[in-house]
Amino acid sequence: MIKTLEQLLEGVVSGILAHLNSLLPPLIVAVFLFAVFLMAAVAVRWVLTKVVKGAGLDRFLKEAGLSNMLADRGDVHTTPLVAGAAFWLILLAGALVGLSLFNTQLTSRMVESVVFLLPRLVTAGLILLAGVWLAQLLSRSVLVWAHNECVPAPRRWAVVAKVIVVMVAVVAASEILDFAPHVFFAAFVILASGMVLAASLAIGLGGRDAVRQYLDARASERESQEEKSLWNHL
Amino acid sequence: MPAEARAAVDHLRRADIVVGIPSYNNSKTIGHVVQAAQAGLAKYFPGFNSIIVNSDGGSKDGTPEVVTSAHLQDAQLLMLHTPLKPVHRLSFPYHGIPGKGSAFRMIFQMASMLDAKACVVVDSDLRSITPEWFDLLIRPVVDGGFDFVAPYYHRHKYDGTITNSIVYPLTRCLYGQRLRQPIGGDFGVSRALFNRYLERDDWETDVARFGIDIWMTTIAVAEGFKVCQSFLGAKLHDAKDPGADLSAMLQQVTSSVFLLMREYQETWRIRTGSEPAPLFGFRYDVGLDPVNVNLTRMLDAFRNGAADLSGVWKLCLRPDTLSAITALARSGRPDDFHLDDELWVRIIYEFACSAKSNRLERATLLKSITPLYLGRVASFVIETANLGAAEVEGRIENLCLAFERMKPYLIEIWFGQPVTQTAPPPPARTELAERQEV
């Protein structure tokens with residue numbers, strides 16, 4: 001009994017030792033490399049923070065209105081953004097190099113898929129970013145227009161505009177990434193159809209009142225011209 | 001310049017005075033304007049070689065025919081066609097006629113080629129214009145050595161509220177000249193100044209397209225031309241479309257003023273205070289139609305704006321300004337409503353800075369001023385309900401002084417640094433021994 005247990009334990013320990021023998025050297029090297037990449041990333045971030053002033057780019061972002069998209073008060077500085085992006089890219093490269101040292105099927109597949117996914121990931125990210133920016137721009141425009149035109153519930157109209165644009169961006173990004181594109185597209189169609197249905201119901205149900213109010217307003221306008229003078233602002 | 005205009009210049013060769021009347025569907029009023037111009041030139045400038053130029057932008061209501069029928073034989077009348085570009089047809093200005101900038105450009109080009117001493121431009125929708133207007137707009141240029149004659153109208157206290165609350169105080173505080181009607185639309189211009197206008201390359205921009213009046217005035221005052229005003233009495237003109245989009249109108253006016261602020265930032269940065277522009281003409285009181293305003297609607301627009309648009313205003317206004325507006329929107333009864341001068345000045349200054357930075361959203365941001373403007377007008381109406389014309393003018397003067405007093409704040413937020421160097425308004429370009437009352 002004891003002998004059997006000893007044999008089993010020996011087998012396990014020898015298995016572990018064998019794995020350690022094969023994995024420990026690449027693991028140590030990977031950790032070392034990752035540490036080197038981490039140091040390089042920190043150094044690059046520091047250098048970029050010190051060297052890149054980015055004043056011109058800051059001004060461009062501000063004048064184009066992009067700063068306000070990234071931060072509410074528009075206090076966006078490109079230097080930390082660029083430095084941060086460089087830091088994370090170097091760190092990701094370190095992780096991939098470390099993984100590739102193990103030379104197993106799993107790690108090779110992981111590295112390969114990350115390398116192949118990266119351009120699509122960047123493209124999808126840019127599409128999402130552009131979508132969010134456009135949505136922000138459009139929703140503000142709709143909000144101001146709806147308020148000035150006395151359209152009821154202007155904030156809701158602004159949210160609707162924003163949701164539609166963001167949804168289009170999400171569908172496009174999911175297509176690029178090939179990540180459940182049909183699900184997102186179906187969700188978008190359902191959402192858009194729901195909005196159209198809701199709008200149709202609202203117009204249908206509220207139409208009678210709106211027409212009556214409009215006719216009343218026309219009649220009272222004809223009776224009194226007092227409002228005209230209000231518009232002579234210049 | 002079109003061939004017909006060039007041919008006319010070749011034929012005429014020289015003129016002392018050019019009167020320009022741009023038009024677009026003004027058949028009801030333009031006959032009166034042309035006759036007033038002819039009578040004015042004949043009565044006050046008989047020894048001068050004068051020409052009236054009607055530049056029509058493709059009217060469809062028979063405006064050219066009316067001009068022809070109003071034409072007297074003893075005056076030179078030129079009828080030209082200003083082709084409206086597609087952009088003019090698509091984007092009509094809410095003040096002035098479409099393509100007014102192009103029409104003015106052609107009129108100034110003709111005046112320049114004819115070597116005219118003075119050029120006058122008047123709106124074609126005027127009902128109160130008289131022959132005396134031409135004397136008042138031309139004489140200071142011809143005999144007084146002035147380069148720019150702005151109109152000075154007698155207006156109801158609630159009339160011209162964009163001028164009173166934004167354009168006049170801001171132009172005065174920036175450039176140091178007190179021109180009471182900077183966007184009046186009827187101006188007298190000297191040879192030196194219209195040649196300067198023609199040198200510029202921004203005729204095709206939005207400023208010249210939508211804000212030709214403030215563009216002309218700003219160039220005159222910012223570049224140190226000698227300016228004055230002439231009292232023309234009341235300005236009665238065809239009623240604007242009552243359904244005209246106020247927010248678009250505000251956006252066009254403020255956008256023009258703010259864009260010019262950017263161009264002349266180094267000029268206004270060092271100017272402090274303001275000086276009165278000479279005023280010609282005999283001032284008299286005119287009976288004015290009562291102006292009724294709907295206070296409740298204006299206050300509702302302000303309060304709803306504070307609820308709906310604070311997210312947009314946050315992009316333009318400083319936190320303390322925004323919180324002051326929010327507090328005001330939540331406060332008490334309509335009778336107590338008061339949007340004070342300093343808060344209004346801060347709002348305008350901060351929007352000006354925001355328009356400078358946010359190119360893409362400039363139009364949206366400037367349209368969001370509408371509820372704030374209506375709040376300011378409501379406050380002004382409440383404050384001046386029982387005041388006479390002189391007292392109301394005093395209130396406007398106080399607002400202008402607030403604009404001037406707070407100019408260092410504008411410099412600070414515009415340039416990102418406190419004011420260091422200041423200078424009084426510069427002397428006028430044209431030297432003249434003494435100012436002459438006409």
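Of the 234 residues in chain A, 15% are buried (20 or more other C-beta atoms within 10 Å of the residue's own; exposed means 12 or fewer, partly exposed in between; C-beta atoms are placed from the backbone). The model is predicted: local features need pLDDT of at least 70, side-chain atom pairs count only at pLDDT 80 or more, and totals for chains, interfaces and linings use all residues. Residues are numbered from 1 along each chain as its sequence is written, while chains are lettered from A and ligands numbered from 1 in the order in which they are written.

Chain A has 7 helices and 0 strands (DSSP runs numbered from the N terminus: H or I of at least four residues for helices, E of at least two for strands). Its elements run α-α-α-α-α-α-α from the N terminus on. Of the chain A contacts with a separation of 6 or more, 62% join residues 24 or more positions apart (a contact means C-beta atoms, placed from the backbone, within 7 Å).

Chain B is divided into two domains, with bounds from an automatic or database domain assignment.

| Domain of chain B | Residues |
|---|---|
| Domain 1 | 3-280 |
| Domain 2 | 295-415 |

Their C-alpha centres lie 29 Å apart. Across the boundary, 24 residues of domain 1 of chain B are in contact with 27 residues of domain 2 of chain B. On the domain 1 side, H7 (161-175), H11 (246-263) and H12 (265-269) of chain B each supply at least two residues. H11(B) gives the most, with 9 residues. By class, this side has 9 nonpolar, 11 polar and 4 charged residues (nonpolar: Ala, Val, Leu, Ile, Met, Phe, Trp, Tyr, Cys and Pro; charged: Asp, Glu, Lys and Arg; polar: the others, Gly among them).

Now the largest nonpolar core. It has 137 residues (buried Ala, Val, Leu, Ile, Met, Phe, Trp, Tyr and Cys joined through C-beta atoms within 7 Å). Helix H16 of chain B (residues 341-357) gives the most to this core, with 10 residues. Phe148(B) is among the residues with the most contacts inside the core. Beyond its neighbours within four places in sequence, Phe148(B) touches Phe187(B), Val189(B), Leu193(B), Ala220(B), Phe225(B) and Val227(B).

Helix H1 of chain B (residues 3-12) has Ala5(B), Ala8(B) and Val9(B) buried. Seen down the axis of H1(B), these fall within an arc of 100°, so they line one face of the helix. The arc is taken from directions between helix axis and C-beta atoms. Their cover includes strand S3 (76-81) and helix H5 (100-113) of chain B. The face turned away carries exposed residues, including Glu4(B), Asp10(B) and His11(B). Arg13(B) follows H1(B), with a positive phi near 70°.

Note on methods
Contact = placed C-beta atoms within 7 Å.
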